[in-house]
Amino acid sequence: MAVVLEAKVIGDSFVSYTGMQETVEIGYTFSKDFGGKSYAQEAVHGLIATLFDQYQIHRIVVNLDARNTSSAALCERLGMRKEAHFIQDYWSKDEWTDSLFYAMLASEFDTMFR
């Protein structure tokens, strides 16, 4: 799903069913040119709200490269809980990298944003 600002694509997001009942994984990428302006936070918050409100999702998860500190900070600003830090579990760009795993339940979202 494209994130568009003034007819220009500044990012995108995806939703993937995990195979666990009412649980999805989300992901997102945004242009560095638009960083620090809360566009990513607004877009991902909207995606999370839509999944919980319109699709009755129980749990949303995010799996990210631990080197992506901006994305980890975004998850935390959105109220997601860091559930795991996996050590050298993913081969990326010719090296083993760590992964972070964040999650949020619908009930947690309701408590924070309603």
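Me: Which residue in S4 stands opposite Val-24?
Reply: This is a predicted model, in which local features need pLDDT of at least 70, side-chain atom pairs count only at pLDDT 80 or more, and totals for chains, interfaces and linings use all residues. Residues are numbered from 1 along each chain as its sequence is written, and side-chain values use heavy atoms, without hydrogens and water. Strands (E, at least two residues) and helices (H or I, at least four) are DSSP runs numbered from the N terminus. The residue opposite Val-24 is Ile-60.

Me: In which sense do S3 and S4 pair?
Reply: Two strands pair if DSSP finds at least two bridges between them. S3 (residues 23-30) and S4 (residues 59-65) have three bridges, and the sense is parallel.

Me: Which residue in S6 is the bridge partner of Arg-59?
Reply: S4 and S6 (residues 95-105) run antiparallel and are joined by seven bridges. The partner of Arg-59 in S6 is Leu-105.

Me: Which residue in S6 is the bridge partner of Phe-86?
Reply: S5 and S6 also pair, over eight bridges in the antiparallel sense. The partner of Phe-86 in S6 is Ser-99.

Me: Why is one side of S1 and of S5 left without a neighbour in the sheet?
Reply: The open sheet has six strands with mixed pairing, in the order S1-S2-S3-S4-S6-S5. S1 (2-5) and S5 (81-92) each have a single partner strand, so one side of each is left without a neighbour because both stand at the edges.
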